[in-house]
Amino acid sequence: MLLLGCIKEVTDYELVISLPNGLSGFVPITQISDAYSTLLTKQVAQGELPEGLNSLSDMYSPGTLVRCIVASVEKGDDGRRSIKLSIDPKKVNKGLNSSALTTGMLLSGSVSSVEDHGYLIDIGVIGTHAFLPHEKAKNYIKAAKRGPDLKIGQNLNCVIVEVKNEGRVVRLSIDRSEVAASLATEKQNWSLSTLLPGLVVKARVQKVTPFGMKLAFLSYFTGIVDFMHMDPEKSMNYSADQVVKACILCVHPSSKAVRLTLRSAFLHPGGSPNQLSSDRMGAVVEESTVKAFYKQFGALFELDDGTLAFARLKHLSKNRKSFKPGAFKAGCKHKCRIIDYSLMDEMCVVSLKYQIMVTRFLLYQDIHTGDVVQGKVVSLKPIGMQVKVADGIRGLVPSIHLADVILKQPEKKYNIGDEVKCRVLECNPAGKRLILTLKKSLIQSKLPVLTNYEDAKPGLITHGFVVCAREFGCIVKFYNDVKGLVPKNELSSEPISCPDKVFYEGQVVKVMVLKCEPQQERLLLSFRLSSKSAPEDKSECISEEKQELKYQIGEIVDVKVLKKKDNGLEVSILEDEDNVAAWIATLHLSDFVATSKLLWHCLQEGDVLPRVMCLSEKREHIILSRKSAVISAVQEEQVVRSFSEIQPGMLLTGYVRNVMPFGVFVEFPFGVTGLAPKVSMSDKFVTDTKDHFVVGQTVIAKVMSIDEEKQRVLLNLKVSECSSGDSAAESFALLSQYFKELKEIKDLLKTGESSMAQGLCELEPGKEVQLVVQDVREDGSALFSGSCAEGLTVTATRYHLGDKNIVPGKKMKALVLHVDALTSEVYVSLREELLQQRP
């Protein structure tokens, strides 16, 4: 299908084309012309820019009319149709042949080469050489202001001024006055197969209807002008047999239907449609007046400034059921929002939908760097995740920005259609480029957003992310591609020999600006956020400070058990020349209270515990923690270091410090504490707080509110409020950690010398054992003994004895149900259905 279109946008790789009736299509860079495609192929093959190859923006500009042919119509992931077009003359002019070419014809051509006396033009007619002399192009070049010459691949509106050798050689002109005066006539012998969009003809009105009119032109052709393409100033004054000037908009190949326009901007070939002021796009118009309603199409409005606008049926109400035709009689007034502008119809496209009226983003221009936006997952690819922010607005979350840590299998965390909250890292409206991040540390950050070098004042503290860690230090990136260097000596107060082993790509970090040179785009940063220097004459203070900072909060160490006490372990830090002593409370051995007690029970003096984190940097002794959730939170910067950093809505990992009748006190790394009142402790009704939480229990808390005056933090511990989104994944991760720690305890028991400990390791749930009945208790339960359970208390409840005849001294088969290593108790079942199910 052939159409007349108007260039709406020019990007690096395509032209976005406005088509009649509010449609849009795109011309890929490969559908410009054969000569241009040849230059592109050379560039790909040689890896360098060949002579004569210009970018699309050097040759095309918005507002230019072009003839197009529909190459394909494809359905996208979101169900919308995408119209792929071509402006290649070989496809647009395929209906023409050499013998059909006559003087005065107006057609499309493309520059194929630059010669001494002019240009060779590709007009897509086989066997015809078209030449454009310099004198017929100089006025056009001067007016276009795009350099001294036309460029290969440039699309032109050409008039044939001379035909030689039966159409094998033609001479062209692109002089604006000659093109504008061109009028298609019967003498040019146009047929339905050669008729081109953009031709201006004299036509006679045959019939006028409310939806448009029917015209006759070039003796035996008929065409239709719809209501959107009648001249607004004369729309009520057309009558039968009236002679008008019209421009062909499109020619349908199968139905043979020809559509025309009577709008004045199209009645002079080479003209340009009126454009909408950029500040009007997205504007809400409080009162727009209905001019006409078309029950199958939509409604025509006049806006407050006299501009015409059209709203399709689906944009007149929330849904079909709520639509009331009576509200759209001529003269009725409505509130609407401008959502687009159709260049080919010279008309605004508006919507009356409430959700569109209140939406923040309609265009890429509405989005600013640092904005927090809601989106929907469209696709997951190796490069990252595509997110739909709004209709027509999509962004990319690069793979390193899918989470605070690098995800090896993002498809397990995200599904197509999931709602996600992102932050804008970069937005380039001209190139429709939107880069987003899903890192919670960046999304929840309340620190200033650094979007340009000019704002990077010394002393500024902000969040960024590591893009490179090498022997010289770390390169940290911020928003809008602003980046800076953290030199090796500024990575930590303690020397770091191998930064690449401490820091990783994508890691969110808090940095302080030391120095900035905006013109050179150079930025010097530090991870040392506060100056810890002391006066030179106080050497004692300096030594004490160094001792205090020997182990930073979050530092991971290996320790050796020195002594077991009732409430914890005294340990020494390995690989420390001073044999620094430290302390791990029993409840800090694991995220799970039961596992903590069991691990304390199994550990012996001399045992080594790997990967323990420094929790407190008090001078008298170092406090350590082995809670994996707390360690992860510190390493991923999901923590607050002071009261001033706390913000409502934050999700923080901590541990129960105290359980009171009125609520639970929760402590977080770096010493910040908060209170979860009784009403915010659980999704269930709380009668007694001690039934829900115990001291030392690891929890995820949501900050409800803060009182800066009293330095108080109110928390919420309800599971429904404290999930980060994927509760299934969180549950499986916790379960996996629990079993991992149980295996660790089992390995500790195996290394012990006690035969009872060895027996506990052998008795796994599901194992079948031979036992001897020792005694039957008053409550109906029974005690057993056996070679596999020396020193252990083996019990079966009355229910798990089944219908077996239990007599002391009798040998019986049993199935292990549970092993309690703390009490050395083993629970078994004699029920036949369980024994038979055992594989």
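1. Arg611 is partly exposed, with a relative accessible area of 49% (buried means under 20%, exposed over 50%, partly exposed in between, using a 1.4 Å probe and protein chains only). Arg611 has a positive phi of about 50° without being a glycine, and its place is in strand β34, residues 608-616 (strands are DSSP runs of E, at least two residues; helices are H or I, at least four; both are numbered from the N terminus).

2. A word on the basis: this is a predicted model, with local features needing pLDDT of at least 70 and side-chain atom pairs counting only at pLDDT 80 or more, while totals for chains, interfaces and linings use all residues. Residues are numbered from 1 along each chain as its sequence is written, and side-chain values use heavy atoms, leaving out hydrogens and water.

3. Asp481 is another non-glycine with a positive phi, about 65°. Asp481 sits in the loop between β27 (473-477) and β28 (483-487), and counts as partly exposed at 35% relative accessibility.

4. Now Ser108, in strand β6 (residues 106-114). At 3% relative accessibility Ser108 counts as buried, and its side chain makes a 2.9 Å polar contact with that of Arg67 (N or O atoms within 3.5 Å; within protein, one able to donate a hydrogen and the other to accept it, with sequence-adjacent residues counting only if both atoms are side-chain atoms). Beyond four places in sequence, Ser108 touches residues including Pro89, Asp122 and Asn155 (contact means heavy atoms within 4.5 Å).

5. The largest nonpolar core has 50 residues, and Ile121, Leu150, Leu215 and Phe217 have the most contacts inside it. Apart from that core lies another, of 27 residues, among them Leu425, Ile435, Tyr453 and Leu525 (a core is a set of buried Ala, Val, Leu, Ile, Met, Phe, Trp, Tyr and Cys residues joined through side-chain atoms within 4.5 Å). Leu150 touches, among others, Val111, Tyr140 and Ile174.

6. The unreviewed UniProt entry annotates "domain: S1 motif" over several spans, including 104-175 and 282-353; such annotations may be inferred rather than shown by experiment. Residues 104-175 are 10% helix and 47% strand, with end C-alpha atoms 13 Å apart. For residues 282-353 the figures are 0% helix, 50% strand and 13 Å.

7. On confidence, the chain averages a pLDDT of 85, and 93% of the residues score at least 70 (pLDDT is the predictor's confidence in each residue, from 0 to 100). Over residues 531-549 pLDDT stays under 50, and the model has 10 contacts beyond four places in sequence for that stretch.
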